[in-house]
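Please look over the sequence and the model before reading on. The points below are numbered so that each can be checked in turn.

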Amino acid sequence: MIDKSRGLAVDALFLDLEDACAPAMKAPGRKNIVRALNEGGFEGKTRVVRVNDWTSPWTYRDVIDVVEGAGPNVDCLMLPKVQSSGHIVALDLLLTQLETSLGLPVGQIGIEAQIENARGLLSLESIAAASDRLETLILGPADFMASIQMKTLTVGDQPPGYEGGDAYHHILMSILMVARACDLQAIDGPYLAIKNLEGLRRASSRSAALGFDGKWVLHPDQIETVNEIFSPRQGDYDHAENILDAYDWFRSADGGSRGAAMLGDEMIDEASRKMALVVSAKGRLAGLRRSAVWQPPAA
Ligand code: GLV
Ligand code: MG
């Protein structure tokens with residue numbers, strides 16, 4: 001499984017010591033993870049290990065074994081079921097001691113926080129501010145649904161009886177707001193029905209449309225759909241680059257030194273430029289090239 005993951009078209013991958021690792025397998029799991037990370041082959045991917053949460057008996061040993069065994073090859077630790085800033089501070093302090101004693105740059109290993117219950121959601125602001133190591137907030141929908149007693153067993157789909165609304169909207173938006181306010185990534189968690197690509201598409205489109213940066217996949221068959229939905233579309237990328245060019249021109253003396261102008265049927269102004277900057281940056285990062293370039297009107 002780990003071998004296969006090396007060749008997958010994903011931006012990040014996490015090796016799990018939490019829910020996908022049975023209690024009796026925690027100790028061997030740590031050894032396997034250390035071995036795999038040190039063997040390498042994950043170039044271009046963020047290497048993450050999910051440790052167990054602080055209410056379990058395993059967290060400290062997970063962190064110590066993984067960082068002592070493979071510290072230079074770990075980009076981030078993922079901490080599940082984060083409920084308070086104290087959970088992040090505790091991990092930060094342990095990582096600082098480990099990095100110091102191992103001669104690693106302090107702060108090298110980042111933290112990804114999974115928000116998986118009501119307490120975590122209500123403490124988001126203090127969680128997000130708890131450590132400079134924090135890079136990412138992640139919704140853990142399965143645990144979240146369980147914790148608030150949502151009436152369904154189908155993770156990521158609307159609970160029966162709640163047709164017409166989006167039962168996840170408040171949770172997703174709260175995570176997104178705090179992530180954006182604190183300059184963190186916002187990531188949506190898993191869609192468990194692996195064969196149901198239509199359901200995956202629906203769930204992914206929902207968080208992608210709000211502005212989330214990505215979504216977990218649990219199986220290689222889910223990768224194409226999620227990559228497609230979270231990647232900028234060619235048409236949107238061209239449109240964004242054209243807004244930037246046109247707005248620059250309209251603001252110049254040649255374009256009439258205007259603060260607002262019409263680009264085709266749409267009015268563009270400083271706020272449009274900011275929106276276009278987001279889409280163009282994502283497109284450039286994804287390696288898109290312009291296929292339709294706006295030209296100023298002939299003089
Ligand atoms: C993931 O950890 C989830 O609980 O959905
Ligand atoms: Mg979970």
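What does the accessible surface of the protein chain come to, and what percentage of it belongs to carbon and sulfur atoms?

1. The accessible surface of the protein chain is about 15,200 Å², and 55% of it belongs to carbon and sulfur atoms. Accessible areas come from the Shrake-Rupley method with a 1.4 Å probe, and for residues only the protein chains shown count as cover.

2. This is a predicted model, in which local features need pLDDT of at least 70 and side-chain atom pairs count only at pLDDT 80 or more, while totals for chains, interfaces and linings use all residues. Residues are numbered from 1 along each chain as its sequence is written, chains are lettered from A and ligands numbered from 1 in the order in which they are written, and side-chain values use heavy atoms, with hydrogens and water left out.

3. The protein chain has twelve helices and nine strands. Here helices (H or I, at least four residues) and strands (E, at least two) are DSSP runs, numbered from the N terminus. Along the principal axes, the C-alpha atoms fill a box of roughly 75 × 55 × 35 Å.

4. Of the 299 residues in the chain, 45% count as buried, meaning under 20% relative accessible area (1.4 Å probe, protein chains only). Taking contacts (heavy atoms within 4.5 Å) with a separation of 6 or more, 71% are between residues 24 or more positions apart.

5. The largest nonpolar core has 57 residues, and V63, L77, L137 and I175 have the most contacts inside it. Helix α8 (residues 169–181) gives the largest share of this core, six residues. A nonpolar core is a set of buried Ala, Val, Leu, Ile, Met, Phe, Trp, Tyr and Cys residues joined through side-chain atoms within 4.5 Å. A second, separate core of eleven residues includes I243, A246, Y247 and W294.

6. Which residues does L137 touch, leaving aside its neighbours within four places in sequence? Among them are A113, L124, I175, V178 and I187.

7. The residues around ligand 1 (a heavy atom within 4 Å) are R50, Q114, E116, G140, P141, A142, D143, P190 and W216. Helix α7 (residues 141–148) supplies the largest share of this shell, three residues.

8. Oxygen atoms of ligand 1 make polar contacts (pairs of N or O atoms within 3.5 Å) with backbone atoms: the distance is 3.1 Å for P141, 2.7 Å for A142 and 2.9 Å for D143. The protein covers 94% of the 200 Å² of accessible area that ligand 1 has on its own.

Methods: Polar contact = N/O pair within 3.5 Å; in protein donor to acceptor, adjacent residues only side chain to side chain. Buried < 20%, exposed > 50% of the residue type's maximum accessible area, 1.4 Å probe, protein only.
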